[in-house]
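Welcome, and please take a moment to look over the chain before reading on.

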Amino acid sequence: MPGKLSTHVLDLSSGRPAAGMRIELWRGGQQVRSVVTNADGRTDAPLLAAGEVAAGEWELRFHVGEYFRTDGTAFLGVVPVRFGIADPTANYHVPLLVTPWSYSTYRGS
């Protein structure tokens, strides 16, 4: 059974999903995809659908600075999350919990 890759972003400073955040998916120095989160802080489709998932090192780049910037400055800019895919048949979910000053991630289900 083919796996997939998904993400979502929660804005912990407001207690809401981070709608409108730009996210890029990279592999081997090449950008694979660029998406923007919807009203639920999720992407409308998986970042990698069935058949697109491959073993190796991947990187999500969350454009946190653009999302929080209201006065021309932001503490965080682009938050890179590098992770490995070992099993291309598994589902990988990489959420980001973020404030204007900090972030956290984990492997979700």
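## The core and what surrounds it

In the largest nonpolar core, which has 25 residues, those touching the most other members are L5, V9, L60, F62, V64 and L96. A nonpolar core here is a set of buried Ala, Val, Leu, Ile, Met, Phe, Trp, Tyr and Cys residues joined through side-chain atoms within 4.5 Å. Two or more residues of this core come from each of β4, β6, α1 (64-68), β7 and β9 (96-98). β7 gives the largest share, four residues.

Please keep in mind that this is a predicted model, in which local features need pLDDT of at least 70 and side-chain atom pairs count only at pLDDT 80 or more, while totals for chains, interfaces and linings use all residues. Residues are numbered from 1 along each chain as its sequence is written, and side-chain values use heavy atoms, with hydrogens and water left out.

Which residues does L5 contact beyond its neighbours within four places in sequence? L5 is in contact with L25, P46, L47, L48, V53, F83, Y92 and V94, where contact means heavy atoms within 4.5 Å.

Now for the chain as a whole. It holds one helix and 10 strands, in the order β-β-β-β-β-β-α-β-β-β-β along the sequence. Helices (H or I, at least four residues) and strands (E, at least two) are DSSP runs, numbered from the N terminus. Of the 109 residues, 39% count as buried; buried means under 20% relative accessible area, exposed over 50%, and partly exposed in between, with a 1.4 Å probe and protein chains only. Among contacts with a separation of 6 or more, 56% are between residues 24 or more positions apart. The C-alpha trace spans about 45 × 25 × 20 Å along its principal axes.

## Two open sheets

Strands of a sheet pair through backbone hydrogen bonds, either parallel or antiparallel. Two strands are taken as paired if DSSP finds at least two bridges between them.

Another open sheet of four strands runs β3-β2-β9-β10, and its pairing is mixed. Its edges are β3 (16-17) and β10 (103-105), each with a single partner strand, so one side of each lacks a neighbour in the sheet.

| Strand pair | Bridges | Direction |
|---|---|---|
| β4 (residues 22-27) and β6 (residues 56-63) | Four bridges | antiparallel |
| β6 and β7 | Eight bridges | antiparallel |
| β2 (residues 9-11) and β9 | Three bridges | parallel |

Within these pairs, E24 has R61 in β6 as its bridge partner, E57 stands opposite G84 in β7, and V9 stands opposite L96 in β9. In β7, the covered face consists of V79, V81, F83 and I85, while V78, P80, R82 and G84 make up the uncovered one.

## A closer look at H93

Is H93 buried or exposed? With a relative accessible area of 8%, H93 is buried. H93 lies in strand β8 (residues 92-93). Not counting residues up to four places away in sequence, H93 touches S6, T7, H8, R42, Y106, R107, G108 and S109. H93 and H63 are 30 residues apart in sequence, and their C-alpha atoms are 18 Å apart in space.
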